[in-house]
Amino acid sequence: MQVSEQNQTTGYKILNLKYPGLWEDKNGQLYKGKTPIKSSFLISKDIAGYLSDHDITYQRIVAIFLNNQLIDTNINKQIELTSIVREKVLKHGQDYHNIIKIDSHKYYIDYSPLKDKAGNNIGVWMVGVPFSIVKDIMGEIFLIITIILVLSIIVIQFALSEMLNRLLFRPLSHIIDKTRLIASGDLTTKVELDREDEMGNLAQEINIMTKELKQMVKNINCMNQDIYISSQDLNCISEQTTVLIEGISSSTEEVTVSIETVNNNTADISNEVSNVNYYIQRGLKRMNAIQGNMDNIIRSSRKSIDIIKTLEQTSDDIKNVTDIIAHIAEQTNLLSLNASIEAARASYTIDGSGRTSGGDYGRGFVVVAEEIRNLSVETQDSVDNIGNNIEGLILCINDAVKIINHNNQQIEKEVVNINECKDFFEQISIKIDRINKQVKNIVESNKDLLSEIEEIVMIKEEEDKSAHSILECSNKLNNFVKKLNTLVNKFKV
């Protein structure tokens, strides 16, 4: 593509030199300055001759368009502008590149707009380069670049080898020799390299490291003595701690036995208190039952009193009835007496001559009156007996009411006593519950205390293990100090 662009630029410069002036569209005729671009194809062939070689294979294509109409070209082929070329070049005034095929040959084509004095796009300048030229040129360029790269690599390799030997390998070998001496334990070794590059910096850093390592070895020698003394002190402390832990262990065992004894005693007390509370609860239940029975008896006796009072009222009503019956019997007796008198009068009649004589009707009426009188007498006697019985019954009822009221009073007093006893038992039960709770609290406290003692024992065991571990660590530390001294003594400071 660059080859076709160069040919387009070169061809356009040749065109400007041979045909100076601006492009102009005069009534459908394209002019370059004063020269008309006619359809004789002479201008395009002239320009193409400057660009092309003698070999027809490498012939360039030159064409000039007025708008989208071919005006001049150097080949005997009708060339048309595609829609995208018209869009890009004629409409928007942009350069455009593409590849076209003419007579089975591929060409790189470059299009440029032709502008008039006002800057309007009035045509197209087209230059094409055969694809084969580009391939040949690219092959030559690639060959030249390859040769240059190979020669450059050889020269650079030789220069780098010499420079690396002088700047890197010889100083590095010197530094390695010195570091081997330092690694063998000779800390008096010093790397002498008078340079200010990276190798010089490396030599200085190695010397600084050697100096610090030398000081560190001296400090380790001093610290070994301190560590040895500290480990001896640690052994003594560990032994004393072991003795102290054994004393704590025996004391905690004695406290544990005492607490277990207290727990057993409090458990027995708690059981006895629970038994007493059980019997008290049973007594309260029985007293509640007795109280319920007493209440039922009082309710029954009060109901009996109500019934007796009703019976007394009924007796009064019967007495009233007997009084009425007695009054009726008395009136009946009077009536029978009057009936007897009238019957006697009816027994003797006076005739017309003034003489009296007895009658059958009077005698019958006397018999009936006698019977009524007898019935009245008997009724009066029965009423009197009933009245006497009712009065005796009322007296008995009054006596029964008095006795029941007296019994109710006694029962109510006993209920009061039972309630007081119930209150006493309830207070005793509350006290026993409090005692039981306190005993349980004591047991729980003892359990907590026992748990804490167990934790203390566990801590003691851990401390015992720690003490043994400290002792072992102290022994290991002593051995380590000895080994460290052996290693440090290998260095020459």
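Author: What follows is a set of questions about a predicted model, each answered by setting a value against its criterion.

Reader: How do you know whether tyrosine 12 is buried, partly exposed or exposed, and what of tryptophan 125?

Author: Buried means under 20% relative accessible area and exposed means over 50%. Tyrosine 12 has 27% and is therefore partly exposed, whereas tryptophan 125, at 1%, is buried.

Reader: What makes you say that the charged end of lysine 26 sits over the ring of tyrosine 31?

Author: The distance from that charged end to the centre of the tyrosine 31 ring is 4.6 Å, and the criterion asks for a distance within 6 Å together with a position within 35 degrees of the ring normal. The charged end of lysine 32 likewise sits over the ring of tryptophan 23, at 5.6 Å from its centre.

Reader: Why is the contact between glutamate 24 and lysine 26 called a salt bridge?

Author: The closest N and O atoms of glutamate 24 and lysine 26 are 3.7 Å apart, and because a salt bridge requires the nitrogen within 4 Å of the carboxyl oxygen, the contact qualifies. Glutamate 24 is partly exposed at 35% relative accessibility, and lysine 26 is also partly exposed, at 35%.

Reader: How many salt bridges does a search of the whole structure find, and where do lysine 91 and glutamate 87 lie?

Author: The search finds two. Lysine 91 and glutamate 87 form a salt bridge with an N to O distance of 3.9 Å, which is within the 4 Å limit. Both residues lie in helix H3, four residues apart, or about one turn of the helix. Lysine 91 has 58% relative accessibility and is therefore exposed, while glutamate 87, at 35%, is partly exposed.

Reader: What makes the phi of asparagine 27 worth noting?

Author: Asparagine 27 has a positive phi of about 55° although it is not a glycine. Most residues other than glycine have a negative phi. Asparagine 27 is found in the loop between strand E1 (23-26) and strand E2 (29-32), and at 84% relative accessibility it counts as exposed.

Reader: Where is asparagine 67 placed, and is it buried or partly exposed?

Author: Asparagine 67 is in the loop between strand E4 (61-66) and strand E5 (69-73), and its relative accessible area of 35% makes it partly exposed. E4 and E5 form a hairpin with two residues between them, and asparagine 67 in the turn has a positive phi of about 55°.

Reader: How do you know that E4 and E5 pair, and which strands form the open sheet?

Author: Pairing requires at least two bridges, and E4 and E5 pair in the antiparallel sense over four, with isoleucine 64 opposite aspartate 72 in E5. E4 and E8 pair in the antiparallel sense over six bridges, and phenylalanine 65 stands opposite valine 124 in E8. Five strands form the open sheet, in the order E5-E4-E8-E7-E6, with antiparallel pairing. E5 and strand E6 (96-102) are called edge strands because each pairs on one side only.

Reader: Why is E4 described as largely enclosed?

Author: Six of the six residues of E4 are buried, so the strand is largely enclosed by the rest of the structure. Ile61, Ala63 and Phe65 point one way from E4, while Val62, Ile64 and Leu66 point the other way, and all are buried.

Technical notes: Residues numbered from 1 in each chain as written. Predicted model: local features only at pLDDT ≥ 70, side-chain atom pairs only at ≥ 80, totals over all residues. Heavy atoms only, no water. Buried < 20%, exposed > 50% of the residue type's maximum accessible area, 1.4 Å probe, protein only. Salt bridge = Lys/Arg side-chain N within 4 Å of Asp/Glu carboxyl O.
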